[in-house]
Amino acid sequence: MNGMRKVAIVGSARIPFARGHTAYVEESNLSMLATALGGLVDKFNLKGEKIDEVMAGAVINHSRDFNLAREASLDAGLSPRTPGTTMQIACGTSLQAALTIGNKIMTGEIDCGIAAGSDTVSDSPVVFGDKFQHRMINLSRARSAGEKLGVFKGFSFGELTPVAPSTQEPRTGLSMGQHCELMAREWGIAREAQDELALRSHKNAAKAYDEGFHDDLLVPCAGLVKDNNVRPDTSLEKMATMKPAFDKSSGHGTLTAANSTPLTDGAAAVLLASEEWARARGLPVLAYLTMGRVAANDFAGGEGLLMAPTIAVSEMLARSNITFADIDVFELHEAFAAQVLCTLKAWTDAKYCKNVLGRETVLGEVDPEKLNTKGSSLAYGHPFAATGARILGVTAKLLASEEKQRALISVCTAGGMGVAALVERAS
């Protein structure tokens, strides 16, 4: 690593996250992302400034969202000379964007960059079947009235039936929730433990709001000033009344709406830079993004769709030559309470650590008092591509404000992948 520069996390901004089909029904990925980026621009006085690269993406895309990162950067008021790169790696999109931007800063290719993500289920594209889609393409190419009429030869109204948006994995036909039910069954994760973790997430998030932790992180959007999914008044008794959401027939389903993240709309962004760039502009350095890792597993072969973060974390720690004992803060994305609990259990399982992670000893237990202390996705919600940036921004502020030294971030994604990162406090 000789000659490599430190990657400073200057700060972050995001719009409040909203349950799908509530506050942001009139918003798009572009408008939400531009608002989050605009909040970052205002927060750090970047109006008209050239940023070396904005890298952002969305999981649910319209064809109209041509180069989302570039267009949102322009709408946010950055210099027209700021390039934008649109990328996507499911739920790990904005964390992977941060790692990519960070690598460019570390090697000196760029001096500053913004990693971001946006997603909306309220503005999901309506897609028709292949047959009608091809008719529309041929219609756009037709020139004469006869050619246009000919496009509809053999047409049936059944072709107008839209293809509903789905979270099913194309290789298995199962949704993420159904996959997680299989994981919970394999690892023996009880419904009660899932509800307890979800309750803790809501309580920690509500406490963070009460303490003012989010005051400088949130940018109002469409009249919303705070996340609308946090439930400070929920209880285990209320959660126990919820019916299984993904396994409704076997009588053994454990995942419910209460211990799973809701479909969510939102956007988040993080400003990264070299120390020299930040300090030349009088900007803070909250923490350093020091290392990352992306991994994948054979989920279609039964390895567990959301278990790849166990691999990413293990490989990252092996490279950095540190252990869980060296970590003060654990920020694990809560796609489902069961997913977090399966991950934690796998890290203490000797057979799994040896056969899957290639370790002679277990990674070990994670102290619950170090885990998601400000709440996480079960409370705030999970706009797929925005979650990584939300977590990275929270982590950097948490290390700076509570003087903790090192944090580990882990995000599971669709497609059997996981993204992990290490963050260290600026001294």
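Which helix and which strand each supply at least two residues of the lining of the second largest cavity? I looked this up to open the notebook, and found α11 (337–346) and β11 (406–413).

**Ground rules.** I am working with a predicted model, where local features need pLDDT of at least 70, side-chain atom pairs count only at pLDDT 80 or more, and totals for chains, interfaces and linings use all residues. Residues are numbered from 1 along each chain as its sequence is written, and side-chain values use heavy atoms, with hydrogens and water left out. My helices (H or I, at least four residues) and strands (E, at least two) are DSSP runs, numbered from the N terminus.

Next I checked its neighbours, calling two strands paired if DSSP finds at least two bridges between them. I noted these:
- β1 (residues 8–14) runs antiparallel to β8, with six bridges joining them; here S12 stands opposite V270.
- β5 (residues 112–119) is also antiparallel to β8, over eight bridges; A116 faces A269 there.
- β2 (residues 18–19) pairs with β8 in the antiparallel sense through two bridges, and A18 has D265 as its bridge partner.

**Entry 1: cavities.** A cavity here is a set of points, on a 1 Å grid over the protein atoms alone, where a 1.4 Å probe fits but cannot get out; lining residues have an atom within 4 Å of a point. Grid points are joined across faces, edges and corners, and a volume is the space filled by probe spheres set on the points. I found two cavities of 30 Å³ or more.

Among the lining residues are S12, R14, A268, A269 and R390. I sorted them by class (Ala, Val, Leu, Ile, Met, Phe, Trp, Tyr, Cys and Pro nonpolar; Asp, Glu, Lys and Arg charged; the others, Gly among them, polar). The tally is six nonpolar, two polar and two charged.

The second largest cavity, the one I opened with, has a volume of about 30 Å³. Its lining includes P309, H333, Q339 and C412, and divides into five nonpolar, four polar and no charged residues.

**Entry 2: aromatic rings.** I paired rings of Phe, Tyr and Trp (its six-membered ring) if their centres lie within 6.5 Å; planes under 30 degrees apart are stacked, over 60 edge-to-face and the rest tilted. That gave me seven pairs. F132 and F155 form a tilted one, 6.2 Å centre to centre with 50° between the planes. It links distant parts of the chain, 23 residues apart: F132 is in helix α4 (residues 130–141), F155 in the loop between α5 (145–150) and β7 (162–163). F155 also pairs with F157, edge-to-face, at 5.4 Å and 70°.

Is F157 buried or exposed? It counts as exposed because its relative accessibility is 69%. F132 counts as buried at 10%, and F155 as partly exposed at 28%.

Note on methods. On a 1 Å grid over the protein atoms alone, a cavity is a set of points where a 1.4 Å probe fits but cannot get out, and a pocket is an open set with protein on both sides within 12 Å along at least five of seven lines; lining residues have an atom within 4 Å of a point. Buried means under 20% relative accessible area, exposed over 50%, partly exposed in between (1.4 Å probe, protein chains only).
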